[in-house]
Amino acid sequence: MSETLRAVRGMNDILPTEVGAWQAFERRVRDWLASYGYRELRTPIVEPTALFKRAIGEVTDIVEKEMYTFVDALNGESLTLRPEGTAACVRAVIEHNLLYGGGQRLWYQGPMFRHERPQKGRYRQFHQIGVEAMGFAGPDVDIEHLLMTARLWRVLGLAEEVALEINSLGGAEARATHRAKLIAYFEAHQDQLDDDARRRLQSNPLRILDTKNPAMRALVEAAPQLMDDLDDAARAHFAAVCAGLDAAGIAYRINPRLVRGLDYYNYTVFEWVTDRLGAQGTVCAGGRFDGLVEQLGGKPAPACGFAMGIERLLALIAEVGVAAPGDGPDAYLVHVGEAASALAQTLAEGLRDGGVAVVLHVGGGSFKTQMKKADASGARFAVILGDDEAAAGEVSVKPLRDGGEQQRVTQQQAVNLIKQGVHNGNL
Ligand code: ATP
Ligand code: MG
């Protein structure tokens with residue numbers, strides 16, 4: 001018998017029973033992005049390896065050990081499955097001269113590939129939605145990104161579950177000063193360093209701060225803080241970002257040890273974290289990368305952005321148990337009685353003409369049976385057509401999820417009611 005084939009370890013199928021949650025999530029994210037004027041950019045999944053080495057940095061976990069890199073057998077070119085989205089975004093922006101007419105607000109989504117040890121919340125193929133604003137020096141765009149993400153958590157019903165941590169990595173000079181202090185500090189504590197840290201000591205000491213080794217926590221906690229080396233411009237930028245958060249009433253914690261796993265960041269960095277998902281608690285992360293466009297060969301352009309891990313957000317949504325609105329049709333059409341049933345198909349088409357997604361009940365059955373199906377369909381509303389309603393040229397609209405009274409209305413009023421209800425539920 002032939003061996004059963006299985007998916008690659010750490011890479012998952014998304015089954016029909018799961019895909020509704022993904023689609024509902026993606027729909028709401030798309031609307032949310034549009035409401036801030038961001039447009040999608042789609043880039044290939046494979047890029048020249050050199051792009052990631054240059055953008056992410058040679059001495060990072062990703063480039064050192066997590067990339068799926070292979071040689072194109074036809075021409076010997078080294079290619080890599082993208083481990084993140086920013087590098088390709090910047091490449092495309094430069095290649096197509098997109099910053100010619102001014103700043104760009106962009107987003108991307110799709111699978112990313114990293115050769116990590118698979119565990120809950122950590123996969124070898126995972127999915128991100130990322131946002132990049134290029135050509136804007138901020139801090140207003142930094143603030144926009146933080147307000148945006150805060151809004152998304154509200155939209156998704158996760159506002160209570162996530163907390164914001166921010167830091168400033170300052171400019172190149174501050175990082176150079178801090179780097180020297182860090183090396184001196186860690187050299188003085190050589191005996192407490194793990195292998196990774198010892199390896200990074202000269203090449204990328206800042207990354208030691210991002211260690212996930214609990215045994216090094218205390219050492220890292222007491223390390224010199226980059227915050228102390230910021231120049232006036234970086235301080236003012238960071239103060240403005242904090243003021244923007246304060247003005248919007250968004251709570252945050254300044255975490256002086258927050259550094260990101262990729263080398264291109266400067267100034268503002270942030271993470272949204274949750275304690276509901278165990279060790280893999282970062283659901284969204286980002287910051288400024290003012291030097292990256294130039295570093296990849298473009299005209300210098302400041303930029304900032306963030307990426308969120310879809311698997312982790314969906315896990316959090318499932319953990320918290322918030323319903324995924326939009327995961328069913330807008331309405332389910334219940335029709336009882338001969339006169340009503342004769343009109344049902346026409347009514348359903350009329351509702352769809354008005355922009356309502358409606359599932360028509362088929363197969364007969366009592367009112368009670370049909371209402372059960374309506375509930376199970378995940379619809380927001382039941383549209384009820386009995387012989388009474390049919391005779392009066394009206395329908396009854398019953399909210400199924402958000403409470404509220406059943407109302408007897410005309411077809412046009414039903415369309416308005418339902419669309420308004422769906423709209424409110426989605427924002
Ligand atoms: P971590 O510290 O968890 O390894 P990271 O710093 O490598 O994360 P980023 O490169 O900033 O992560 O990616 C942004 C987001 O993408 C993360 O916050 C997380 O939600 C998600 N993510 C990153 N790596 C994985 C993975 N292997 N599996 C699932 N989600 C991931
Ligand atoms: Mg990582």
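**Entry 1: Ala331**

I began with Ala331, which is buried at a relative accessible area of 0%; buried means under 20% relative accessible area, exposed over 50%, and partly exposed in between, with a 1.4 Å probe and protein chains only. Before going on, I noted that this is a predicted model, where local features need pLDDT of at least 70, side-chain atom pairs count only at pLDDT 80 or more, and totals for chains, interfaces and linings use all residues. I also noted that residues are numbered from 1 along each chain as its sequence is written, that chains are lettered from A and ligands numbered from 1 in the order in which they are written, and that side-chain values use heavy atoms, with hydrogens and water left out.

Ala331 sits in strand 12. Helices (H or I, at least four residues) and strands (E, at least two) are DSSP runs, numbered from the N terminus. Which residues does Ala331 touch, not counting those up to four places away in sequence? I found Val356, Ala357, Val358, Val359, Ala379, Phe381, Val383 and Ile418, where contact means heavy atoms within 4.5 Å. I also looked up Gly20: 311 residues separate it from Ala331 in sequence, and the C-alpha to C-alpha distance is 16 Å.

**Entry 2: helix 13**

Next I turned to helix 13 (residues 367-376), where Gln370, Met371 and Ala374 are buried. Seen down the helix axis, the buried residues fall within an arc of 100 degrees, so they line one face of helix 13; the arc is that of the directions from the helix axis to the C-beta atoms.

What do the buried residues of helix 13 pack against? My list reads strand 12 (331-335), strand 14 (381-385) and strand 15 (395-399). On the face turned away from the buried side I found the exposed residues Lys368, Lys372 and Ala376. Just after helix 13, Gly378 has a positive phi of about 85 degrees.

**Entry 3: ligand 1**

I then looked around ligand 1, which has 16 residues around it; Arg114, Glu116, Arg122, Lys212 and Arg260 come nearest. A residue counts as near if one of its heavy atoms lies within 4 Å. The shell divides into 6 nonpolar, 4 polar and 6 charged residues.

Which elements give two or more residues to the shell? They are strand 6 (125-134), strand 10 (282-288) and strand 11 (303-309). Strand 10 gives the most, with 3 residues.

**Entry 4: Asp229**

My last stop was Asp229, in the loop between helix 8 (217-221) and helix 9 (232-248). Is Asp229 buried or exposed? At 16% relative accessibility, Asp229 counts as buried. Its side chain makes a polar contact of 2.6 Å with that of Lys181; such a contact is a pair of N or O atoms within 3.5 Å, and within protein one must be able to donate a hydrogen and the other to accept it, while residues adjacent in sequence count only if both atoms are side-chain atoms.

Definitions and conventions. Nonpolar A, V, L, I, M, F, W, Y, C, P; charged D, E, K, R; others polar.
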